[in-house]
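Please walk through this structure with me. We take a strand and its partners, then a pair of helices.

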Amino acid sequence: MDMIRTPAVFSQKKRQKRMSSPNLSCNYETKFNKFVIFIMQRKMGVTRRTFLMELARRKGFRVESELSDSVTHIVAENNSYLEVLDWLKGQAVGDSSRFELLDISWLTACMEAGRPIDLEMKYRLMEQDQSPTSNISKPEEPSFIASKVSPYSCQRKTTLKNYNKQFTDAFEIMAESYEFKENEIFCLEFLRAASVMKFLPFPVTRMKDIQGLPCMGDRVRDVIEEIIEEGESSRAKEVLNDERYISFKQFTSVFGVGVKTSEKWYRMGLRTLEEVKADKTLKLSKMQKAGFLYYEDLVSSVSKGEADAVSLIVKNTVYAFLPDALVTITGGFRRGKKIGHDIDFLITSPGTHEDEKLLHKVVDLWKKQGLLLYCDIIESTFAKEQLPNRDVDAMDRFQKCFAILKLYQPRAESSSYNMSEKIDMAEVKDWKAIRVDLVVTPFEQYAYALLGWTGSRQFGRDLRRYANHERKMILDNHALYDRKKKIFLKAGSEEEIFAHLGLDYVEPWERNA
Ligand code: DCT
Ligand code: MG
């Protein structure tokens, strides 16, 4: 999680991740060379055709804009076999039998699969097909009812499969620029819209596709409309070129630097990290100093393999002091993500005693072993019977440690090196700095902590909003309180918390809202 939160909508890691800004260009590598697609514009319209061509190219298919000699597959929408033949005649095509004539459903199936799909009968346009859409189901919209989509992401099972990245990338850029302006309302509006788009089981290609969906305000619709029509959002592009945005993006990519510090630096006339580093009058916090020192390592994402390696270190160290402890990886990795910006751990123990020394013992051992590059332990401020916090972005009160660990990485094969090269190898850095969050929770609060720390942030935010507005309950990472009955609801598992809230259970990998 991020340390500096104001208005606390994006995590530090997300900022770091997005340093390699999503570009909006359109030069794609062809992955499937065996055939060449041509998409008919007739009855489809230029906008949708352009969109589909772009989408297919992005997925690695060869698509021609003109009906050239190399074309092998013709794709049509709402046209019968005879209508397509008729149209081909008009194009002065002699032998139309050299083409595969296919319905658009074949192409959308390919897009969904991300690879060519077999030319099954149901996709072929054939003579007996007199009506344009007979026998053809539209796999892109399987009984999808927009008006039934919940405005709360905790009621939308959202996996990592995102059909609408083009839209959600633009929304997240917009949201971040509003976050930098501390405009929380507009920021959340775009984050909510991005979350809804991530849930859709099909790519949006026309305005009709978003009709009836929640969280689609005018500002959001304008961006969608422009992307459908122009292939990109001029507003998102403007943001990416905006001086203030570019500076804030750099500043907040440093561990320990949030919007407030960025604002201060920007007002001082600083624009780049080089300028910040060169300014000797600035007083950097201990955290920011570590952020600059390990900058390169920390902005590069953490892989699943690295997370597993760190997990082993954390478990072994914790078990050495507390053999019956429960150590669980949370955050994005628990949701099935393959990369992250830090690794989040929850530590608890079924025993009745609470050991506030545990975290100190763990970091002391790492210090002795030379594995600890930075650490900041925050003591618990939790008091019994304290009501849950209503602020959905508030930091919880667990004892925790924000650390940077040194993870040694296996060296490349060195047997073939001669002596002088071996000496050079000794100077090669063979470790990577990794951000690790350790959170210690009392056993009876573990389920709540696990639910909160698994995220995503949007999922957690909506869960708490849902509890408050739909159930008159207050939820945070410690507890659930029923305001009407004036009681705390105990839970030993995440399933029980969903049940208390009257919600269907959502698996961790379905919480990528
Ligand atoms: N969290 C929380 N309370 C906060 C802030 C965050 O409960 N005040 C939760 C939400 C997600 C989880 O902690 C982990 O946070 P991050 O590490 O920021 O997010 P992530 O999903 O793990 O993303 P990343 O892969 O970038 O680390
Ligand atoms: Mg994380």
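**A covered strand and a helix pair**

Strand 11 (residues 431-440) is mostly covered, with 10 of its 10 residues buried (buried means under 20% relative accessible area, with a 1.4 Å probe and protein chains only). This is a predicted model, in which local features need pLDDT of at least 70, side-chain atom pairs count only at pLDDT 80 or more, and totals for chains, interfaces and linings use all residues. Residues are numbered from 1 along each chain as its sequence is written, chains are lettered from A and ligands numbered from 1 in the order written, and side-chain values use heavy atoms, without hydrogens and water.

Both faces of strand 11 are covered. One side includes Trp-431 and Arg-435. The other includes Lys-432 and Leu-438. Strands (E, at least two residues) and helices (H or I, at least four) are DSSP runs, numbered from the N terminus.

Which strands pair with strand 11? Strand 8 (residues 343-348) does, in the parallel sense, over five bridges. There, Ile-347 has Val-440 as its bridge partner. Strand 10 (residues 399-408) runs antiparallel to strand 11, joined by 10 bridges. Cys-401 is bridged to Leu-438. Pairing takes at least two DSSP bridges between the strands.

Now the helices. The axes of helix 14 (residues 304-321) and helix 16 (residues 358-369) come within 10 Å and cross at roughly 120°. Axes are lines fitted to C-alpha atoms, for helices over the stretch in contact, and angles run from 0 to 180 degrees between N-to-C directions. The two helices are therefore oblique to each other (under 35 degrees counts as roughly parallel, over 145 as roughly antiparallel, 65 to 115 as roughly perpendicular, the rest as oblique). Among the contact residues are Ile-313 and Phe-321 of helix 14, and Leu-358 and Trp-366 of helix 16 (contact means heavy atoms within 4.5 Å).

Technical notes: Buried < 20%, exposed > 50% of the residue type's maximum accessible area, 1.4 Å probe, protein only.
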